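The following paragraphs guide a reader who is new to this structure. Please keep the sequence and the model in view while reading.

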Amino acid sequence: MLSIKNLHATVHGKEILRGVDLEIGAGEVHAIMGPNGSGKSTLSYVLSGREGYDVTDGEIIYKGKNLLELDVHERAGEGIFLAFQYPVEIPGVSSMSFLRTSLNSVRRYRGEDEISAVDFLKLVRATAKSLEMDDKLLQRPVNVGFSGGEKKRNEVLQMSLLEPSLAVLDETDSGLDIDALKAVADGVNALRAPDRSALVITHYQRLLSYIVPDFVHVLAQGKIAATGGKELALELEKNGYAMLGLEDTEAA
Amino acid sequence: MTSSVEILTDPAIAKYREHYVALEAQLPGGEHDWVTSLRDQAMSVALRTGLPTRRIESWKYTDLRPIHRAEFFAVVASEVTGAMLEPYKLDDAFVAVFVDGCYAPVLSRLEDVPKGLEFSSLADALRSGEKGLLEGLGNVVTLETPGFAALNTALMQDGGVCRIADNVSVEKPIQFIFVSTENSSAELHLRNLIVAGVNSKATVMQSFVSLGASSGFSDVVTEAVLGQGANLRHVTHQDQSATAWHIGLIAARVGRDAHFDSFVLSSGARLARNEIRLRLDGEGADCSLNGIAMVRDRQHCDNTTDVDHAISHCHSSQIYKNILDDRAHTVFQGRVHVAPDAQKTDAHQMNRNLLLSRNAQADCKPELIIHADDVKCSHGATVGDLDQEALFYLQSRGIDPETARNMMVHAFAAELLEALPEDSIRPYLENAMSLWLKNLTSAEEAA
């Protein structure tokens, strides 16, 4: 599914990723943990193709394609979805028109027919309901006036609609209460399938109790410092990043 | 050291002196003394005051010299069919069409005008000499104010005259379409008069459009009188060819408890000025002036407002948004004057500018002159480009960069468009905006 080799990336000229190697197979869920400033979010932005995040060395092959040659919207069309740590508020753009434009853009990219207005409405309502999300929220502009939890549910709603083959969740658990966390995790778990993978970026083990990973990686100083099974997350929770000889700047 | 005597006569106005003498007899209403005297008086003011230059404060950011240098020619008759105008006509509206400044009844749609709404072309009204029909003409504009009002009054040729009787509500919008034909390069002095009676209600829209490339000059003055409790909504859609010139002035007098609502969508002309001067002169009078300018290439668009709070307990609100690309230039000048006795005035003004290019320029000048002490007045201005964070968010959801950009530009204007009443004007303006955005994308693809 995804193969990252010796990935080096800079942000504003500063090297953040210093040789990341990561293989994600179809159907697998990988978690990336690590202290603040280790490059977790940078990795998610590099995967989605954000401007200003420059790859200086290495490669990313996704489903046999050179991902780095694709534009942001093409990557989304190819099935990469980034759930933002801080979803963006867009005053003046209605949620429904945004969701429909997004879904139809991705469908067109995949050579599928556009969805009719009626079917779209049904789909959005059903998806919102499954996420315990008040669909009145969708009468507002994108994310405007949403609470932190509502924004995260909205990310998962978009993910459910677009049915990505690789979902990248960037600290989706931050700022969530336990109910929202469960709803978000249920949404992600509902998408699990043999042909879908996920990369869950998190600072804490908490989310991984609900979205159980196949592999856990620790990213530190721009490299994968350790890899293990789900038990690695529990050990880190208990002993802190210090067990790997790392400083956790957030805990400090 | 020698001192020279400055010649006070503005050279730009001088050419009109001969023009006026030659033309006067042919102008409509020349057989009626009161019309001739109105024109003569206006011409003498025009000759005395001249045309504005950038040395005049209210014209500081708009240079008229290109208009003075340009050559304009007489109208050449050109056939216009109803089908050609169809895209510009509002659905479900009374429509009066003016082709190169001349009323064209055949192309108009004024059947079934309800009782209480009286429409006439200005030329017909002037020729009839009926003073009643034109009561108010020349009473709202101040000829001495720097601008084209005096020249327009002297040379006015045609336009729409609308009178709405007391207590009459006209449900359908009344639309004046001023169309310039292909290659026309005429100088037109258009004059409209809207008189809204006591407790009347109406919507008037003016559309300025070109069929093909026109390089004419339209000088347009609209006078509006709102009686007590009247509710008048006025919409301007200025979408003339990018080689045309447009100087528009709306002058309104808003009576007690009356409400004047103006919306200006300006995307056309090489140089456009949409000026609104109004006087709130009855307690409880209220006005809302909003506008969107969309300009590209080297277009220049000037929105200037002047709201005179002459009496207490009046309210005014203004939101103007400009979208600029390439080397375009916009101007917003908003002047609010609060008279010494105009206590409890509530006046707000906001100008927001969206720059899509580093070479575009937006000038903004709010001017609040407040002589009363118990008032609420505010003004604000912003200049910015598109939110890169939001653009990335949209694209990360599969939306291509052009569509994402257009969604964001549309969002910038949405606050104003969504506040428009749900009638046939709103989709008309939304469509005009979408067309402009579409051209924005295709121009870039061609480049």
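Two residues are said to be in contact if their C-beta atoms, placed from the backbone, lie within 7 Å. In that sense, A:Leu99, A:Ser102, A:Leu103 and A:Val106 of helix H3 in chain A meet A:Gln158, A:Leu161 and A:Leu162 of helix H5 in chain A. Sorted by class, the residues of this contact between H3(A) and H5(A) are five nonpolar and two polar, with no charged residue. The model examined here is a predicted one.

Two packed helices are described by the angle between their axes and the distance between the axes. For helix H3 (residues 95-109) of chain A and H5(A), the angle is about 35 degrees and the axes are 10 Å apart. The crossing in which H3(A) passes H5(A) is right-handed.

Is A:Pro164 buried or exposed? A residue counts as buried if 20 or more other C-beta atoms lie within 10 Å of its own; A:Pro164 has 24 such atoms within 10 Å and is therefore buried. Apart from neighbours within four places in sequence, the residues in contact with A:Pro164 are A:Gly79, A:Ile80, A:Phe81 and A:Met159. A:Gly148, by contrast, is 16 residues from A:Pro164 in sequence, and their C-alpha atoms are 23 Å apart in space.

The view may now be widened to the whole chain. Chain A has seven helices and 12 strands. Its radius of gyration is 18 Å, close to the 18 Å given by the globule rule for 252 residues, so chain A is as compact as a globular protein of that length. Along the principal axes, the C-alpha atoms of chain A fill a box of roughly 55 × 40 × 35 Å. Of the 252 residues, 43% count as buried. Among the contacts in chain A with a separation of 6 or more, 70% are between residues 24 or more positions apart.

Nine strands of chain B form an open sheet with mixed pairing, in the order S3-S4-S6-S8-S10-S12-S14-S16-S18. Strand S3 (117-121) and strand S18 (361-370) of chain B stand at the edges and have a single partner strand each, so one side of each is left without a neighbour in the sheet. On average, neighbouring strands of this sheet are turned by 5 degrees against each other, direction ignored.

Strands of a sheet pair through backbone hydrogen bonds, either parallel or antiparallel. In chain B, strand S10 (residues 245-254) and strand S12 (residues 271-280) pair in the parallel sense over 10 bridges. B:Gly248 stands opposite B:Asn274 in S12(B).

Conventions: Residues are numbered from 1 along each chain as its sequence is written. Chains are lettered from A and ligands numbered from 1 in the order in which they are written. This is a predicted model: local features need pLDDT of at least 70, side-chain atom pairs count only at pLDDT 80 or more; totals for chains, interfaces and linings use all residues. A residue is buried if 20 or more other C-beta atoms lie within 10 Å of its own, exposed if 12 or fewer, and partly exposed in between; C-beta atoms are placed from the backbone. Two strands pair if DSSP finds at least two bridges between them. Helices (H or I, at least four residues) and strands (E, at least two) are DSSP runs, numbered from the N terminus. Axes are lines fitted to C-alpha atoms, for helices over the stretch in contact, and angles run from 0 to 180 degrees between N-to-C directions. The radius of gyration is taken over C-alpha atoms; the globule rule is 2.2 Å times the number of residues to the power 0.38. A crossing is left-handed if the near helix is turned anticlockwise from the far one by less than a right angle, and right-handed if clockwise. Ala, Val, Leu, Ile, Met, Phe, Trp, Tyr, Cys and Pro count as nonpolar, Asp, Glu, Lys and Arg as charged, and the others, Gly among them, as polar.
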